[in-house]
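Please read the following alongside the sequence and the model. The text goes through strands, a helix and ring contacts in turn.

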Amino acid sequence: MYSDCMTGRGSRFPSQLRHELGLSNRQHARGRAHVESYGSPPVVVYAPEEGRHGNFFDAAYTAILSQPDWMRRFDKVHAQARSLPKAERRWRELDSSMSSDALLMNVFCTPGVVQSSPVRQMLGLEGAEVPVFGWKARVPLSSGRSDRTEADMRLGSLLVEAKLTEGGFQAKDAAVVHAYRDFDEVFERELLPRVELAQTRQKAPTEFPEDYSQEFEMVPATSAHVSRLAPERSIQRYHAGATRGLAAYSEYQLIRNVLAAYAEGSSFCLMHDERRPDLREAWFRVMAAVKSAEMRVRLKVVTWQELAAVLPAMLQEFLHGKYGIVAPLKNNCGSGYSPPPDM
């Protein structure tokens, strides 16, 4: 069974969103330090300047500068820096206008957002949480070892995966997925979406650092079969016309995130743009395969647009101008923003 994303029917959504973000960021970048990539279409990439950064809401960036743990997210260099003009400072992934991590930090580093009652209610938060970005979670393997994965954010007992223009959630050899200790306890394996991994070359480099950002992560070998797999076989391109190849599961990142939340007794939330219905459909396919009703209620999905409706008015304006993210009320009635209660 091939999913829409695997057959290409869902591939138009990320490209359409990249086009829209390209247009809005060319407007937003005026008067801000930035460059454009050499690709077609070009991608706007921002540079820090005098305590500001064009890719960030001012209040969020000021807060990031005051938190060393948050600033460390800038350590990750841009994966395709060769497609950008040279600069004195190395380009970072958070400089990219396509970065979902930057969008996540724009929202949750803004003072008052995490403390907001509407935000907390929407996400089911309890206690005095402080966002942790790039949380290292462990997913237990049947061998007794663990596979380490990274959640984009941990907020108390909530793990968050943030998406913007990424192509999808990756596919993985079924033998690797079956090696997770809790796989059959959490999932009805026959209900999970399947694909076949074509035996072709690796994906070509991409200008978008967020696209397939975890593609090259490897799970420790847990059986003779898995250990014999050549590394490149775990990162094969998939397409509808492929000859029969490795049996695999699509939406691998989501499967692994659910298993991480299950192992840690946490909740999990996918945050995505409403202009990406392909991501939402993929998430619902994974949720439908979860056996336990108690586990399903710990799984959430929120769009950036839904979240925008309960954010401070100035942050809403920033998200509108830079990302084209508009709260649902404005989409419905076209009459300006509806500011949330004071925060």
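**Reading the predicted model**

Phenylalanine 268 is buried, and so is tryptophan 283, where buried means under 20% relative accessible area, exposed over 50% and partly exposed in between, with a 1.4 Å probe and protein chains only. This is a predicted model, in which local features need pLDDT of at least 70 and side-chain atom pairs count only at pLDDT 80 or more, while totals for chains, interfaces and linings use all residues. Residues are numbered from 1 along each chain as its sequence is written, and side-chain values use heavy atoms, with hydrogens and water left out.

A search of the whole structure finds 9 aromatic pairs. Rings of Phe, Tyr and Trp (its six-membered ring) pair if their centres lie within 6.5 Å; planes under 30 degrees apart count as stacked, over 60 as edge-to-face and the rest as tilted. The ring centres of phenylalanine 268 and tryptophan 283 are 5.3 Å apart and their planes lie at 70°, so this pair is edge-to-face. The pair links distant parts of the chain, with phenylalanine 268 in strand E11 (residues 267-272) and tryptophan 283 in helix H11, 15 residues apart. Helices (H or I, at least four residues) and strands (E, at least two) are DSSP runs, numbered from the N terminus.

Phenylalanine 183 and phenylalanine 187 have ring centres 5.8 Å apart and planes at 40°, so their pair is tilted. Both phenylalanine 183 and phenylalanine 187 are buried. Elsewhere, ring pairs join Phe56, Tyr61 and Phe74 into a cluster.

Helix H11 (277-288) also takes part in another contact: the buried residues of H2 pack against it, as well as against strand E2 (44-46) and helix H14 (313-323). Contact means heavy atoms within 4.5 Å. The buried residues of H2 include Phe13, Leu17, Leu21 and His28. An α-helix has 3.6 residues a turn, so residues three or four places apart point the same way.

Next come the strands. Of the 10 residues of strand E6 (residues 146-155), 8 are buried, so E6 is largely enclosed by the rest of the structure. Strand E5 (residues 132-140) pairs with E6 in the antiparallel sense over 8 bridges; two strands pair if DSSP finds at least two bridges between them. Valine 139 stands opposite aspartate 147 in E6. E5 and E6 form a hairpin with 5 residues between them, and glycine 144 in the turn has a positive phi of about 100°. On E6, methionine 153 stands opposite valine 160 in E7, and E6 and E7 form a hairpin with 2 residues between them.
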